[in-house]
Amino acid sequence: MATDCEAWLNANPVEAGDLRDSFPSGDEDNTFTGNVDNEINGNWILAPTGSIHEARLKAKVKRRLRKNSSRDSGRGDSLSDNGDVVRAVVPPTSPKGKLLNRRSRMGKGRGLPKKGGAGGKGVWGTPGQVYDEDKVDFKDPNYDAEQENCIYETVVLPLDEETFEKTVTPIVQEYFEHGDANEVAELLAELNLGSMRGDVPMLAVSLALEAKASHRELTSRLLSELCECVLTAADVEASFHKLLKELPDLVLDTPGAPQMLGQFIARAVADNILPKSFIDGYKGRVDCEYARAALDRAAVLLRMSRWTGLRIDSLWGSGGGQRPVNQLIKEVNLLLKEYLLSGDTVEAERCLRELEVPHFHHEFVYEAVIMVLESKGNRTLQMILQLLKSFCASTVITVDQLRRGFERVYLDMADLSIDVPCAYSLLEQFVEQSFDAGVINKKLRDLCPCRGRKRFISEGDGGRLKLESC
């Protein structure tokens, strides 16, 4: 054992300072000073077997083996019980060492990701790495010199007739709800209308003929707005030519189409999106009676605007939600007065629908009841009762609007009784008959106010009876 250690020390000289560094200072001087015998050729001589100095040498050898284990891990070196270094024989091509060892094979590093995090599946480089543009290889067999000046753009296919109708119809119908012409212009600009561009006014007018008067007014405004950005004057003129040719088919769905189309033509001429010579170009060359009626209507309106000052820009009127409240009240009163003169319930219903103010029908109920209280006649009461019963049966006036109208009358009875002294008694009579006819329910009837009854005998009246004024 001593001979082997001496041979190993001759091959790997150990300095005295290295031995001192392996133990704490102070303990070495006190414990191992007396165990060193002598020194031969600058090398320490081991004490007899079993001494402390031999244990120190074994510990030194183990430390060196552990230090070099990272570099020689694949060779499987170990230390025997007697201090000999035993090297395991592993074939160079055997993967045993690689499979069992998880340390870096380079003998350095702290276990960080390889390549600084730029390696592995799905990784395109280290974080923050910026790639330069690829240089064109002129020697590449796939290189094409004409591709250097190419500009790539998104191509939108032009719409055919079927796709055009399916795409543009929802846009126009939504416009009837929100009334924003700019949004329609933006949506149409995103489409490749192609040859179907001139059919946009034709489709809008066709849909407006079947809609309300307020929608026709919106359509006239839309044509005026689109003519500046999406359409041209030639597109608008071509659309009205097609509409005049298709009038016989439009009349089947809309009997009043010739008069309405004539108003559209007059409005377009007034808005300067149709030339004034459009109507004159058809003189003496029109065989269709519907087209002739439309052109005559447009010519009459234009002459009236020049001679009488008729405002063609307000030809369709304004929508119910856009009208002032005072104007709506005047039209409701005019409607009721005309009904009392004619007694035509159907015409009154048509006029009320044309106002396009279903949220304002409580005003109609209010004005009708007030008219009954101010008339003081049984004829007016019966006609108004018949009108309200008809409107409730056809759901023109909803239950909520009817209730709100009666409640407004109940709240204003204190002021109404000043102008109409017997208003309370007339209201009670009308409410009772309305309940009997099924116009109002029991709850609404019970809410009807009544004037506080006076005492027949009062202490300050000398016992005289007080008679009702009405």
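## A loop residue with positive phi

In this predicted model, N272 is found in the loop that runs between α12 (257-270) and α13 (277-280). Although N272 is not a glycine, its phi is positive, at about 65°. Such a value deserves a second look, because most residues other than glycine have a negative phi.

## A second case

T395 lies in another part of the chain, in the loop between α18 (378-393) and α19 (399-411). This residue, which is also other than glycine, has a positive phi near 60°. The relative accessibility of T395 is 59%, and therefore T395 counts as exposed.

## The cysteines

How many disulfides does a search of the whole structure find? The search finds zero. C229, for example, is in no disulfide, and the nearest cysteine sulfur, which belongs to C227, is 9.0 Å away. A disulfide would need the two sulfur atoms to be within 2.5 Å, because it is a covalent bond between the sulfur atoms of two cysteines.

Accessibility can also be given for two of the cysteines. C229 has a relative accessibility of 53% and so counts as exposed, whereas C422, at 12% relative accessibility, counts as buried, because buried means under 20%.

Definitions and conventions:
Residues are numbered from 1 along each chain as its sequence is written. This is a predicted model: local features need pLDDT of at least 70, side-chain atom pairs count only at pLDDT 80 or more; totals for chains, interfaces and linings use all residues. Side-chain values use heavy atoms; hydrogens and water are left out. Helices (H or I, at least four residues) and strands (E, at least two) are DSSP runs, numbered from the N terminus. Buried means under 20% relative accessible area, exposed over 50%, partly exposed in between (1.4 Å probe, protein chains only).
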